[in-house]
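Biologist: I would like to learn how to read cores, backbone angles and ring pairs in a model. Please take me through them.

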Amino acid sequence: MANLFMRFPGGKAKAFTMSYDDGVEQDIRLIGIMERFGLKGTFNLNSGMFAPEGTVFPKGQIHRRMTAERAIRLYRESGNEIAVHGVTHPFLEQLPSGSMLYEVLEDRRRLEELSGCIVRGMAYPYGTLSDEVVEGLKMAGIVYARTVKSTGNFRIDNDWLRLPATCHHNDPRLMELGDRFLQSEEAREPQLFYLWGHSYEFEMQDNWNVIEEFAEKIGGHPDVWYATNIQIFDYIAAYRRLRFSVDMKLVENPTAMDIFFELDGVDRVVPAGQQLRIAP
């Protein structure tokens, strides 16, 4: 029996991503830290709650949303993903179905108009959801949605519309989890470290050192793929489209990206749109 395991681009067994909410000014500093250590992530925005141009916040206010122009420029120029967070950051499961759909679909439409990008990801406002909300996301073209659940592990969840994270940045195990992720021997199954939070929390708790130290620890490792949420989703979706012959001697890649995997201990890559003979 063949032993088959997915590998990320470059044949890597590990990936790291981040997910931060609300589009606040502190994201500027966070992205500076991410860029310094080669990290990528996703920023979940409320298109109905951007600060008006010329806004001056009261001294001491922590939660300071950026203007639409400033936010979109920041995320696009840094190569990070923009994703849905509801037009007005509501409890989606408490809304009538039509209003719930509007909050998601209209947020997506506005963010696409502002960014010039197709938006397919999301984080649940307040982390709350229901089966009806999940069905609504499917109709709205959302392919993944992050919850506020933390697993404390690096397994890749199959329910992308109820997606948990590894941990929040305030988790007391953060550094321990980082060490475990980096020091683990190459696992058979691929591993994903998924970090989430709100950047204004670093200012509120006066602990920017936490993300700076963690970013320095987790970044810059040649065996880790640093990617946005949607890049990871798209790669895994493409991997799942590989077509193998019954005897596992042939594999066909119908997608537009090169796909890596390990078969019986041997690393393989199937170029985009090509067929590969694995064994005679």
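Modeller: First, the ground rules. This is a predicted model, where local features need pLDDT of at least 70, side-chain atom pairs count only at pLDDT 80 or more, and totals for chains, interfaces and linings use all residues. Residues are numbered from 1 along each chain as its sequence is written, and side-chain values use heavy atoms, with hydrogens and water left out.

Biologist: Which residues touch the most other members of the largest nonpolar core?

Modeller: In soluble globular proteins, nonpolar side chains tend to be buried together. A nonpolar core here is a set of buried Ala, Val, Leu, Ile, Met, Phe, Trp, Tyr and Cys residues joined through side-chain atoms within 4.5 Å. Buried means under 20% relative accessible area, exposed over 50%, and partly exposed in between (1.4 Å probe, protein chains only). The largest core has 49 residues, and Phe 16, Phe 193, Leu 195 and Ile 211 touch the most other members. Another core lies apart from it, with 29 residues, including Tyr 144 and Val 270.

Biologist: What is Phe 193 in contact with, beyond its neighbours within four places in sequence?

Modeller: Contact means heavy atoms within 4.5 Å. Among the partners of Phe 193 are Phe 16, Phe 154, Leu 174, Phe 181 and Phe 214. Phe 16, Phe 154, Phe 181, Phe 193, Phe 214 and Tyr 226 also form one aromatic cluster.

Biologist: Which phi does Asp 22 have, positive or negative?

Modeller: Most residues other than glycine have a negative phi. Asp 22 has a positive phi of about 90 degrees. Asp 22 sits in the loop between strand 2 (14-21) and helix 1 (26-37). Helices (H or I, at least four residues) and strands (E, at least two) are DSSP runs, numbered from the N terminus. Asp 22 is buried, at 6% relative accessibility. His 89 also has a positive phi, of about 55 degrees.

Biologist: How many aromatic pairs does the structure hold?

Modeller: A pair of aromatic rings is described by the distance of the centres and the angle of the planes. Rings of Phe, Tyr and Trp (its six-membered ring) pair if their centres lie within 6.5 Å; planes under 30 degrees apart count as stacked, over 60 as edge-to-face and the rest as tilted. The structure holds 16 such pairs. Phe 8 and Trp 225 form a tilted one, 5.6 Å centre to centre with 40 degrees between the planes. Phe 8 lies in the loop between strand 1 (4-7) and strand 2, and Trp 225 in strand 10 (residues 224-226), so the pair ties together parts 217 residues apart in sequence. Phe 8 is buried, at 0% relative accessibility.
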